[in-house]
Amino acid sequence: FPSDQPDFQDPSTAEAIALASRHLLQGNTVAFPTETVYGLGALALDPQAASRIFATKGRPADNPLIVHVSSTAMLRTLLPSTYSLPPSYDVLMKRFWPGPLTLLFPSDPDVVPPIITANHPTVAIRMPSHPVARALIAVANAPIAAPSANSSGKPSPTRAEHVLRDLGGKLEIILDGGACDVGVESTVVDGLGADGSIRVLRPGGVTVEDIESALREEIGAAAPRVLVHRRHFEDAAIEAAPTTPGMKYRHYSPSVPVTLLYTSGHPPSDFTRTPAAEFFGSLKSADSSVTVKVGLLLPSDSRLLHHAKEVPGIEWFSFPLGAVSDPAVSAQRLFDGLLTLEERGVDWILVEEVAEEKEGLAFMNRVKKAAGESRWIEL
Ligand code: TXA
Ligand code: MG
């Protein structure tokens, strides 16, 4: 792994990290950048410090936290001493750590407090690659629990300004590392099952395709199968439990309604006819003196904007997601787009679908939850 304490160009960066780590060691919370989204950190092994995370976010106590480490030595301190890693974990850690991959490990409640795991027998752990995140953990020399730094249910923050607007009044320190590269949260993987399969509980920054090819390259024909929640497995216990990321609670929703638009398979000219025109028309106010503001999150090469703009009585605000062929850019810009359009005061946000491949899988997972099942519309 690269060094967990790089030489930062600007000495004030190291100073800010030192200050923030002291604040953490005193049992307080700190918001900090990671490569995925901004995190709200506190000492993972101090139940009182961890409880401040739940209070600040308004997070339900039955939703467990991810523990962040800066080294494999720190990881070892969290695991039962006799535990040997599944071979697939060696591969995944070698290929994707530090980075946006979270793995479940068996948890010893005498080591990791039950407030972190919400009393589950496993603990979710990742090693972030953002130099500020990793240095913060290394300087504190302590595992840091960190959910996304947003009020529970809101879109995750990908810029320091997003954190400031949402939680600013409740935080003493926000480390500003600029915009997050990945823009969606880490992929959450459970490889602990008896069958050895790799179960993707939450799609995220490391794609399913990348996990499959890493396992195939390193293990060959004996590589375990990669199963994606809701695509390959439905688990009644998981459905009912909040441990399936985002299953039980409202997630990723700005204060304005979000609608997911399915557009594939339609020639562009179709958008002027029903049901697209009908749908756009339905957004207008019955009172013709009122202009409705509608935000659009669309691939930059989408044909939809052109047709939407033909509908009178609506003021459109578009936020480009990058080319449709580049789902990593769509994922990187999604939460920024939702939060930026909300900030502009739109009455409604429409998001055009992206193919559920590579980073597009995480993108669609978040949009579906932001919209809620009643607001998926086929144009
Ligand atoms: O990229 C990320 O993972 C960001 C950054 C800050 O690292 N963190 C993040 O944390 O997204 P949070 O709390 O917003 O999401 C963690 C997800 C939750 O949905 C939770 O249900 C799941 O991970 N999780 C945590 N512990 C788990 C466990 N033991 N079993 C299953 N799921 C778990
Ligand atoms: Mg979150």
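**View 1. Where domain 1 meets domain 2 in this predicted model.** Here 15 residues of domain 1 are in contact with 16 residues of domain 2; two residues are in contact if their C-beta atoms, placed from the backbone, lie within 7 Å. On the domain 1 side, the touching residues divide into 6 nonpolar, 6 polar and 3 charged. Here Ala, Val, Leu, Ile, Met, Phe, Trp, Tyr, Cys and Pro count as nonpolar, Asp, Glu, Lys and Arg as charged, and the others, Gly among them, as polar. Domain 1 covers 11–240 and domain 2 covers 258–378, with bounds from an automatic or database domain assignment. Their C-alpha centres are 30 Å apart.

**View 2. The loop that holds tyrosine 83.** Look for tyrosine 83 between helix H3 (72–78) and helix H4 (87–96); helices are DSSP runs (H or I, at least four residues), numbered from the N terminus. Is tyrosine 83 buried or exposed? Tyrosine 83 counts as exposed because it has 12 C-beta neighbours inside 10 Å. A residue is buried if 20 or more other C-beta atoms lie within 10 Å of its own, exposed if 12 or fewer, and partly exposed in between, with C-beta atoms placed from the backbone.

**View 3. Tyrosine 83 and phenylalanine 105.** These two residues are 22 residues apart along the chain, and 9.5 Å separates their C-alpha atoms.

**Notes for all views.** Residues are numbered from 1 along each chain as its sequence is written, while chains are lettered from A and ligands numbered from 1 in the order in which they are written. In this predicted model, local features need pLDDT of at least 70, side-chain atom pairs count only at pLDDT 80 or more, and totals for chains, interfaces and linings use all residues.

Notes:
Helix = DSSP H or I, 4+ residues; strand = E, 2+ residues; numbered from the N terminus.
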